[in-house]
Amino acid sequence: MKQKLRVGLLFGGRSAEHEVSLQSARNVAQALDPKKYEPVYIGINKAGAWLAPGVSARYLALSATQPTKGPEKSREIVMMAPSGEGVLTRDSGTIEGKIDVVFPVLHGPFGEDGTVQGLLKLADVPFVGAGVLGSAVGMDKDVMKRLLRDAGIPIGKFMVVHAHEASKTKFADIKKKLGLPLFVKPANLGSSVGVSKVRTEAEYKYALKEAFEYDTKILIEEFIDGREIECSVLGNEDPVASVPGELILQSEFYSYEAKYLEPDAMKPRIPASLSKETTKKVQELAVAAFKALCCEGIGNIEFFVTKDGQLYVNEINTIPKFTTASLCSKMWEASGFPYPKIIDKLISLAIERHARDKKLKSDKASV
């Protein structure tokens, strides 16, 4: 009988998207085929402590019914043992369970930005999703947009403001360059946390204050009057695109509340109502953006499609919300990849990449 793969399900984290991560992790856990996989739960609490598997499993289950209940503080994991040997716990000093592959379900900073990916790479453990570089540039919207622009991929106009120079940035100058309304958002965050739509100088000052609570660098973007389209990309060296999906918004923009707290604020349309020509162009641009940003595994690319048919890439999400009801899973389902099959594919892509990279020479001693 073939031995089950032990999958380290890494969830929670220090970012403002902690609760979103828990939703995703529960769905991934449910989708893991028990005949093929054995989950090893590794939760990270809001203080950044890594929790032992038993504690993590209880927290994940409890948070489904009591979302304000915090994880237990005992038996924090102090290190990831190298080469997938397992996780070393502080209480016992012993290694708990071999891990064949890690499935990070962490959204936002300290999980989706290359930090955890770097740790897992150092530990020599296969992991799902983008690597260190792809994760980092996908999270930093400033760097992301510059790379897309240099690759010839159409994006909207934007400006960057750092906290130390915010007082020198005049609203009148921004208005002249980008027009009104405009959007203000933290450069390194996701799920629309800290994002504001601005029409007046008073709103701009409030939006600046709000965004700087989450990051020392913010993005100011022009408003693009267009439909919001998403397309998911899957693969390593030769990625493929899903059918596009469309977000039919009942609110002004896709805010955090619209995404997670108001189920009727967004209606998905899959496939998106686009011509064959536009659909093909969205898919081609999605793959081009995925490659330009050095991504692997999976990524959701967001677009604006204007009334005259112009396409603009807005951003990429390198760890999309992994729920059975998410737009990402629905787009792949419509493309012939049901949710459990996507989970299988992501795990196999992680293992393939790790095997590929292991063949590379890293120093003179390996020559």
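Mentor: Serine 21 belongs to helix H1, which spans residues 18–31. The model is a predicted one, and in it serine 21 has a relative accessibility of 0%, so it counts as buried. Beyond its neighbours within four places in sequence, serine 21 is in contact with Phe11, Gly12, Val105, Leu106 and His107.

We may now turn to the aromatic rings. A pair of aromatic rings is described by two quantities, the distance of the centres and the angle of the planes. With centres required to lie within 6.5 Å, the count comes to four aromatic pairs. One of them is formed by phenylalanine 171 and tyrosine 204: the ring centres are 5.3 Å apart and the planes stand at 40 degrees, so this pair is tilted. The pair links distant parts of the chain, since phenylalanine 171 lies in helix H6 (residues 171–178) and tyrosine 204 in helix H7 (residues 201–211), 33 residues apart. Both partners are buried: phenylalanine 171 has a relative accessible area of 10%, and tyrosine 204 has a relative accessibility of 3%.

Helix H6 itself deserves attention. Phe171, Ile174 and Leu178 are buried in H6. These residues cover an arc of only 60 degrees around the axis, and therefore lie on the same side of H6. Ala172 and Lys176, on the other side of H6, are exposed. Just after H6, glycine 179 adopts a positive phi of about 80 degrees.

Another pair consists of tryptophan 332 and phenylalanine 337. Here the ring centres are 5.7 Å apart and the planes are at 80 degrees, so the arrangement is edge-to-face. Tryptophan 332 is buried, at 1% relative accessibility, whereas phenylalanine 337 is partly exposed, with a relative accessible area of 23%. The ring of phenylalanine 337 also has a charged neighbour: lysine 341 lies over its face, at 4.7 Å from the ring centre.

A charge is placed over a ring elsewhere too. The charged end of arginine 14 sits over the ring of phenylalanine 110, at 3.9 Å from the centre of that ring.

Conventions: Residues numbered from 1 in each chain as written. Predicted model: local features only at pLDDT ≥ 70, side-chain atom pairs only at ≥ 80, totals over all residues. Heavy atoms only, no water. Phe/Tyr/Trp six-rings, centres within 6.5 Å; stacked < 30°, edge-to-face > 60°. Helix = DSSP H or I, 4+ residues; strand = E, 2+ residues; numbered from the N terminus. Buried < 20%, exposed > 50% of the residue type's maximum accessible area, 1.4 Å probe, protein only. Lys NZ or Arg CZ within 6 Å of the ring centre and 35° of its normal. Arc of directions from axis to C-beta. Contact = heavy atoms within 4.5 Å.
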